[in-house]
Amino acid sequence: KKKMDQLLVEFQGSFSVAVDPNDPTKPHPRFSQYKFKREGYADQETRRKRMLDEQRTRRRDFSDYARKIIEGETSDDEMEEGAYDEVDGDTSMDSSCTPQQKSSRDKCRTSYKNQLMLSEWLVDVPLDFENNWYMIICPVAKRCLVVSHKGKTLAYSRSGHYMKQFPSHLPGGCWKRKFTMHDYCILDCLYHEGLQTFFVMDIMCWGGHPVYDSDTEFRFYWLNAKLSEVGDEVLIQAKTNPYKFVPLQYYCCNKDSLQGVLSSKYPIEVDGLIFFHKQAHYFRGR
């Protein structure tokens, strides 16, 4: 408890998130909603343990599911329990389109919505915080789903709206490079318009191999390993890779690591911090 108080003091003094500085004397912005939870709704620690237990017994054919995402064939029945549509203010849909075009776009939107893992406010410090959690610093950017296949790369908003199509050096992401039908990729990203960069936060599939049911520790390792295999080609803007793909760095949550990170200056505006349990799988829409 004492260690965490010291870290919070250092965090408040040296690491400002977004525009308004944090005020430790005020209540947590979502604590009142958490405190008055509905009857039968367990606290965060209990729900975390329950979810970790549930994922050990769950088995799904994620290879088939990943292929359906790539082809835009997922249905509401295949969504995770508890999934919900999240409005993100995307107005890219053309209101003047024909009924046939609207139907096609609505089908596409349904296929790509609720594919990203959601988060909730961390209102208590987990008992295993130092040993079993990672932290990522998130820049101010737009959350999106990126899929690459059949020689093209596409980005979709959290609610499934089409954002853009472009070539990339991700698996199957550029028609000028050799690829097979098994070369496709699904990433969880943050898109920064000013930097023309996709900051990669998590990975769901690479080269046709899904990792939804792999723990965070492996997914983060695999993401960095696969991007390293591609090399600088994804880090440099070019005609065949107009947007950079940069993996977000993750940190351990022990005292020394957090002190070093929170006392450092970040090159771009920070939106917030997100914490991942090392043993958690990738849960879509939850």
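Tutor: Strand E6 (residues 197–206) is largely enclosed by the rest of the structure, because 10 of its 10 residues are buried. Buried means under 20% relative accessible area, exposed means over 50%, and partly exposed lies in between, with a 1.4 Å probe and protein chains only. Helices (H or I, at least four residues) and strands (E, at least two) are DSSP runs numbered from the N terminus. The model is predicted: local features need pLDDT of at least 70 and side-chain atom pairs count only at pLDDT 80 or more, while totals for chains, interfaces and linings use all residues. Residues are numbered from 1 along each chain as its sequence is written, and side-chain values use heavy atoms, leaving out hydrogens and water.

Pairing comes next; two strands pair if DSSP finds at least two bridges between them. Strand E5 (residues 185–192) runs antiparallel to E6 and is joined to it by eight bridges; within this pair, Asp188 is opposite Asp202. The two strands make a hairpin with four residues between them, and Gln196 in its turn has a positive phi of about 50 degrees. With strand E8 (residues 244–247), E6 pairs in the parallel sense over four bridges, and Phe199 faces Val246 there. Strand E7 (residues 209–210) is antiparallel to E6, with two bridges, and Cys205 is opposite Pro210. The hairpin of E6 and E7 has two residues between the strands, and Gly207 takes a positive phi near 60 degrees in it.

Met204 has contacts (heavy atoms within 4.5 Å) beyond its neighbours within four places in sequence, including Gln115, Leu145, Ile186, Asp188, Pro210 and Tyr282.

Now the helix. An open sheet of three strands has the order E9-E1-E10, paired antiparallel. Strand E9 (250–252) and E10 are its edge strands, each pairing on one side only. E1 and E9 are joined by three bridges, and Met135 is opposite Tyr251. Helix H7 (residues 216–230) packs on this sheet, touching E1, E9 and E10, and its direction makes about 50 degrees with that of E1. Axes are lines fitted to C-alpha atoms, for helices over the stretch in contact, and angles run from 0 to 180 degrees between N-to-C directions.

The buried residues of H7 are Thr216, Arg219, Phe220, Trp222, Leu223, Lys226, Leu227 and Val230. Seen down the axis, they fall within an arc of 165 degrees, so they line one face of the helix; the arc is that of the directions from the helix axis to the C-beta atoms. The face turned away from the buried side carries the exposed residues Tyr221, Ser228 and Glu229. After H7 comes Gly231, with a positive phi near 85 degrees.
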